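Hello,

The structure we discussed follows, with some notes on its surface and a few individual residues below.

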Amino acid sequence: MIPLSDDNPTLRTPVVTYLLLAAIGATWVFVQGAGLNSLALVSSVCNLGLVPGELTGLAPLGLRVPLGQGLACVVDNEAINRFTPVTSMFLHGSWGHILGNCLFFWVFGNNVEDSMGRLRFLIFYLVCGLAAAAAQVVMDPGSPIPMVGASGAISGIMGAYLILYPRVRVNMLFIIFIIIRIIPLPAWAVLLWWFGVQILTGLPQLNQLESQGGVAVWAHVGGFIAGVVLIKLFENRALTSQRTGWRHRLHPDHP
């Protein structure tokens, strides 16, 4: 189930959304070698990714975490570690990882930016990303496994969208074996389904988080909750009202 677009028009060009997408793409290409250079990819993940155990000091120094092809991350206490909650937001682990995150950001980010203004949106994005990182650290404070990706911050955007535009239709691509369909669904159904999947995925990991080297679902949960909680502090109600009126004129048959 993949979001392709929504029926929510924008009033202004989402400049910050474009700039953040450009920064994520530039980091992937110029810092991480677009996934084509294993050493550059692993080095960026190890040095600039968020390692909970390095921030808390609970992971043993010198502990090696294999990342394939004879490469490994080594737990250290370098000064850069304190900045990794921010730097990790711009890193990714694969083409699928970055393309998936950018697609969700593309669909939901422009509307949230258009509802709070550019500077507020940038601050909101970073705060949600930090909240997501904090949630993952709290859930597994001793983990030596690096966490990278914009998905925590984007989860906050999705949480904000749920509160702002729960009934807006999102065009979802369904692929079931050989059946391919695009079905419009209300945003509340899409976003609550996604959040429920994160919770169900994360629950079995509670007893053995460290052994799960995959998706940092608790960062997703933390970012989403931060977006839900903080959106009313950042929302520009005049912009939201204006957008809602415009959407009703463009789609009079939609809620």
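**Notes on the model**

Leu 4 lies in strand β1 (strands are DSSP runs of E with at least two residues, helices are runs of H or I with at least four, both numbered from the N terminus). This is a predicted model, in which local features need pLDDT of at least 70, side-chain atom pairs count only at pLDDT 80 or more, and totals for chains, interfaces and linings use all residues. Residues are numbered from 1 along each chain as its sequence is written, and side-chain values use heavy atoms, with hydrogens and water left out.

Leu 4 has a relative accessible area of 33%, so it is partly exposed (buried is under 20%, exposed over 50%, partly exposed in between, with a 1.4 Å probe and protein chains only). Together with Ile 2, Ile 175, Ile 180 and Ile 182, Leu 4 makes a nonpolar surface patch of about 440 Å². Patch residues have over 30% relative accessible area and no salt bridge, and nonpolar side chains (Val, Leu, Ile, Met, Phe, Trp, Tyr) are joined within 5 Å. At least two residues of the patch come from each of β1 (2–6) and β5 (179–186).

Helix α7 (residues 151–164) contains Ser 151. Ser 151 counts as buried because its relative accessibility is 14%. Leaving aside residues up to four places away in sequence, Ser 151 touches Asn 101 and His 220 (contact means heavy atoms within 4.5 Å).

Val 197 is in helix α8 (residues 187–202) and, at 31% relative accessibility, counts as partly exposed. Val 197 is 20 residues from Val 217 in sequence, with a C-alpha to C-alpha distance of 9.2 Å.

Regards

Methods:
Patches are made of residues with over 30% relative accessible area and no salt bridge: like charges are joined within 9 Å, nonpolar side chains (Val, Leu, Ile, Met, Phe, Trp, Tyr) within 5 Å. Accessible areas come from the Shrake-Rupley method with a 1.4 Å probe; for residues, only the protein chains shown count as cover. A salt bridge is a side-chain nitrogen of Lys or Arg within 4 Å of a carboxyl oxygen of Asp or Glu.
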